[in-house]
Amino acid sequence: MEMKSPNTTTASGLSMNNETICKDTNNKANNQFSLPIIPGTELSDLTPIPIENEPTLNELLASAEIDLTKPLPKPPICLYFDDAAVYYLGDVSTTIGKAKGRKTFASGLFLAALAGNCTIQNRIKAELPADKSTVLVFDTEQSGFFAQRAATRVLKLLNVETLPNFKAYGLRKYPPAKRLEIIEHAIYNTPNLGFVCIDGIRDLITSINDEEQATMITSKLMKWSEELNIHINCILHMNKGDNNARGHVGTELMNKSLTVLGVTKNEKQEMYSTIEAIACRDKEPEPLTFGINDFGLPYLLEPEQMAILKAISDTK
C-alpha cells in the first residue's frame, strides 16, 4: 500500500507536503531562495519600489560652491551685550565655566531676553524674528526640581507666569543616545524655532575624550543650526587647571563656535560672577558681572559697581 505524505499547513495558510518541505529545506541549504508569490499573482504584476539615488560627489561639490558674484546678507543677530553682537542665527556658541560657577544663572539671563524678545537690565538685548520666536532649553544634568527651578527663573526675570514660546525639557533620566535623539526630534519638529540651549552638551555622548564622538556631535550642531537657521548654545564645564572647555568635545566646540563665553566666580567676592568673551568672531563684548538677589534671581551690576568690584579684587 502506497503511503502519502501528510500535508502541513504553513503560516500563510498554504498546504505543503513533506516532499515540498524537504525540497524547500534543500533550496535554503544551497542558498537558493525563491521570492514568495501570492497565489494568482504574477511577477510582472509586482510594482518595483523606486530607490532614491544619493547625490554624486559632483552634485555635492556644486551645491557647496560659494558664488563670489552675489554678496550674501549678514545673518540676523539674535543677542547683544550692549551694542556688541554675541549670537547670530544659523550658528553655534559655547558657554563654559567651572562647576557651580553659575553658568546656568548666566544662561537664564540670555534665555529671558530671547524668550521675551526684550532687553534685560539695559545690557542684554534680544532680537528674534517673529517666525523664530520659540526658545527651547534642554537640561541634561539637573534633577527635575532643579531643572524646573532654573527654567522658572526665566519667567520670573520677565515677571510672567507662562510664556508659550518658551519650553524647557529635563533629559537627565535618559541615556546619551536617547537624549541626542530627543533633542534632534524636537529641533526638527518645533514650529517657529529660533534658539536652543543645551545645558550639558557632554551628556549627549559617552566620552568627552572620544574624538569620533566629539566630531559627530559638533557636526550635528552645525548641521542643525545651518539647515534650520537657528542659534544653538551649548553649556559645558571648564577644565580645573585652565580656562579651556573640558575634553575633545570641548576643544571641538570652542573651535567651531561663533562665540565662546566664560563664566567665572570672583575670587575675592564669590557672591558675584563675571561673563566675558573668550573667543569671538565679531567685536568682543564688554564683560558682564552679576549677583544673585534675595529671590534667587540674577541681576547685573552697573559699570560703576563693576569698577569698584574690580578694584577690590585687584588688591592683594
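## Overall make-up

The protein chain has 8 helices and 15 strands. Both are DSSP runs, numbered from the N terminus: helices are H or I with at least four residues, strands are E with at least two. This is a predicted model; local features need pLDDT of at least 70, side-chain atom pairs count only at pLDDT 80 or more, and totals for chains, interfaces and linings use all residues. Residues are numbered from 1 along each chain as its sequence is written, and side-chain values use heavy atoms, with hydrogens and water left out.

## Burial and contacts

Of the 316 residues in the protein chain, 38% are buried. Buried means under 20% relative accessible area, exposed over 50%, and partly exposed in between (1.4 Å probe, protein chains only). The protein chain exposes about 19300 Å², an area from the Shrake-Rupley method with a 1.4 Å probe. Carbon and sulfur atoms supply 53% of it.

Contact means heavy atoms within 4.5 Å. Take contacts between residues at least 6 apart in sequence: 65% join residues at least 24 apart.

## Helix α7

Helix α7 spans residues 247–256. Its buried residues are Gly-247, Val-249, Gly-250, Leu-253 and Met-254. Seen down the axis of α7, they fall within an arc of 130 degrees, so they line one face of the helix. The arc is taken from the directions from the helix axis to the C-beta atoms.

What do the buried residues of α7 pack against? Their partners are α6 (211–228) and the strands β5 (91–97), β11 (231–237), β12 (259–265) and β13 (272–280).

## Lys-310

Lys-310 sits in helix α8 (residues 303–314). Lys-310 is exposed, with a relative accessible area of 52%. Asn-266 lies 44 residues from Lys-310 along the chain, and their C-alpha atoms are 9.1 Å apart.
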